[in-house]
Amino acid sequence: MPVPVYYSFRNLTVRRLTTALTASGMALVVFVFAATLMLAEGLQKTLVETGSPDNVVVIRKGSQSEVQSGVERLQASIVESLPDIVTGEGGRPLLAKELVVLINLPKRGSNKPANVVIRGVGGASYALRPQVKLVEGRMPRPGSSEIIAGKSIAERFEGGGIGEHLRFAMREWTVVGIFDAGSTGFSSEIWGDVDQLMQSFRRPVYSSVIFRMRDAAAFDSMKSRLESDPRMTVEAKLETRYYLDQSEAMAKFLRILGLSLTFIFSLGAVIGAMITMYAAVANRVVEIGTLRALGFHRASILQAFILEALFLGLIGGVAGLVPAAFLQFITISTMNWQSFAELAFSFSLSPGIIVKSLLFSLVMGIAGGLLPAFRAARMDIVGALRSS
Amino acid sequence: MFYLKLSLRNAFRHPLRAVLTITGVAVAILAFGLLRTLVGLWYLGVETSSSTRLITRSSISLVFTLPVSYRERIRHISGVTEVSSMNWFGGIYVSEKNFFPNFAVEPKTFLALYPEFIIDDAEKRSFLKDRRGAVAGFKLAAKHGWKIGDRIVLKGTIFPGEWDFVLRGIYRGAQRSTDESQFFFHWDYLNESLRKTVPRRADQVGLYVVGVDAPEKAPEVAQAIDAIFRNSLAETMSETEKAFQLSFVAMTEAIMIAIKIVSYVVIVIIMVVAANTMAMTARERISEYATMKALGFKWSHIAITVFGESLFIALLGGAIGVLLTFPAAHLLETELSQFFPVFSVSPVTIYFQLAAATLVGIVSSAFPVYRASTINISEGLRRIG
């Protein structure tokens, strides 16, 4: 290892307390930085994974979500007659006409009400969403007041567990099964028979029609054909696109909030690094003079101090990322403004976030160390050696 | 006095370091104040709600409507002064980016129930007369450059189609905290169009706003309303406006809790930075402390000087941070008026900021105070650098 590199590395270990304090300041900033990015990533991942690339969602034109939408029975039948739909079991098209409404349910423990999505599903709905797997109990019998609840609902909401009852729309509903849909939005939903639910909610229209395309490449032509049909007032979206749109505003909010917070916080940490590095230079004037007298160039001195600042940043970055990685075990549940419904999602650490966080910590190190490093490099040999 | 002088002199012995630390503390205290204000804003709707207003909505959830016929039945309950109705319209003006809350309301009773929306008499009369008339908040109108008489088109998301309105009035808020970015229009206009296009959705109301003559009667009236409609096709759920707003806030509580935690993180960050400054200072001055001790100063004297220096730096930074909070809040209010209609700093926030600065000063001096006061004279004097 060349001497200046070794020198800067050893310096950090000699002044342990100062190094630890400065690095922990940066670690906290990196932690906040990584945590907000992970949260936005987790939200988007949940909603993107909810959709399948071959599935198409048809909702009323202009309505942004299934909750606001309404598709008349006649229009739903027209969609059903499209030739582009995959044929499913029994020769019927793989298509589900669904009802999506929100109900108010109290949370377990706090008893605070939140909006929960209740989805009326048909037989094809399960085939369209292979992510949805029954983990406990059984499927509801068609035509009965039986429902199944997503895992997040069963855990978080009063009356959502197996064998429990929910009362809404003047009827008593029994939870007969719990399903797990992985980290998708479906885990925060309750599913029941669409006809029973439409009856009880007195909603004569469906909310959306979902089907699987025979050929995903033909989506555009199918979309324009469907939307230009004078009998229709609907729009078709790829399911992946639909769920991405649902998460956009919230993910953007989290990102902007996170970035502006970390920017302000990083000012504090950069100042901390700057103080440390200035002190490091001031305490080592004689040493710097000696190095120069031994024949090391100004560039080497500059390099040594910049390296020291980079090391400092890297220590902070790693120290911030490690606890951030543990956040992946935490699940957050909040209302998504675009659908007005409760959604549970976890922090998610992607390689991109790791790279970004480490780069960010290095930038903080450089920002704090650059000016002091220049000061060190500019010292003249005689003056430096003479000071004591 | 002597110790005070010594502390102040010491604080600026390394001017660059002192300035950097003070800047750091100021930025952190500023960020802390703004974050706390942001959290407070979340609860603004709760604070500005009136205790004499009840909200009656469908017991299933807000997306279900109530029949318009309920209005007369609610009005006959004793204690009820006025009943108005609102429908969340969810219209989009030009693009989704221009989001603002817009409601179809029963205009006359609505204005009577919300005295905090101040609108002058001539505008009010012309609004009530024109079925296509609409009223917008002052900030909303200013943002889009709307003037009285302008035609405004909203694209419906819940109610399909393009909806035409004429701006008849611009309201101002009675208090600084009143939201001036809302948009109201006649429920009749919406209803008549629905009767023609989707008759099954006509004659439906999103929620009722019920005025009560005395706040203490509110729970009683709420129960009476829900009792009338129990076991009907559209059961109701009535609560005070405050509880209603709170239930909205509670749904996004997780984010608020995260912001609250983060606002404390910034204080911890700056505490670490200040502690570092003080630790370095103490290290460099070990031989000085030994000299002072040799001269006969007690450990407590040295502790006071170090403590005073730390507190001085933290409080100076804190004071600058507090002073900067006001222009920063004003800037946010003008730049981000779409998200935060009001961004005003409360006195409590300022106390919290000062308390945080004091805490930073105390905590960051702990280690150096310990080090300086326990120093051994001969060892300290022997030490170089």
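The C-alpha centres of domain 1 and domain 2 of chain A lie 46 Å apart. The model is predicted.

Reader: What makes these two domains of chain A, and where do they run?
Author: The domain assignment does. Domain 1 of chain A takes 3-48 + 247-386, and domain 2 takes 55-212.

Reader: How do you know how many residues each domain of chain A gives to the contact?
Author: C-beta atoms within 7 Å count as a contact. On that basis, 13 residues come from domain 1 of chain A and 15 residues from domain 2 of chain A.

Reader: Which element gives the largest share of the side of domain 1 of chain A that touches domain 2 of chain A?
Author: Strand E12(A) does, with five residues. Helix H2 (16-50), strand E11 (331-336) and strand E12 (341-346) of chain A each give two or more. By type, that side of domain 1 divides into six nonpolar, five polar and two charged residues.

Reader: Now chain B. Why is strand E11 (residues 207-212) called mostly covered?
Author: A residue is buried if 20 or more other C-beta atoms lie within 10 Å of its own. Five of the six residues of E11(B) are buried, so the strand is called mostly covered.

Reader: Why is E11(B) said to pair with strand E1 (residues 53-58) of chain B?
Author: Pairing needs at least two bridges. E1(B) and E11(B) have five, so they pair, in the antiparallel sense. Leu54(B) stands opposite Val210(B).

Reader: What makes strand E3 (residues 80-88) of chain B a partner of E11(B)?
Author: Six bridges join E3(B) to E11(B), and at least two are needed, so these strands pair as well. They run antiparallel. Ser84(B) has Val209(B) as its bridge partner in E11(B).

Definitions and conventions. Residues are numbered from 1 along each chain as its sequence is written. Chains are lettered from A and ligands numbered from 1 in the order in which they are written. This is a predicted model: local features need pLDDT of at least 70, side-chain atom pairs count only at pLDDT 80 or more; totals for chains, interfaces and linings use all residues. A residue is buried if 20 or more other C-beta atoms lie within 10 Å of its own, exposed if 12 or fewer, and partly exposed in between; C-beta atoms are placed from the backbone. Helices (H or I, at least four residues) and strands (E, at least two) are DSSP runs, numbered from the N terminus. Domain bounds come from an automatic or database domain assignment. Two residues are in contact if their C-beta atoms, placed from the backbone, lie within 7 Å. Ala, Val, Leu, Ile, Met, Phe, Trp, Tyr, Cys and Pro count as nonpolar, Asp, Glu, Lys and Arg as charged, and the others, Gly among them, as polar.
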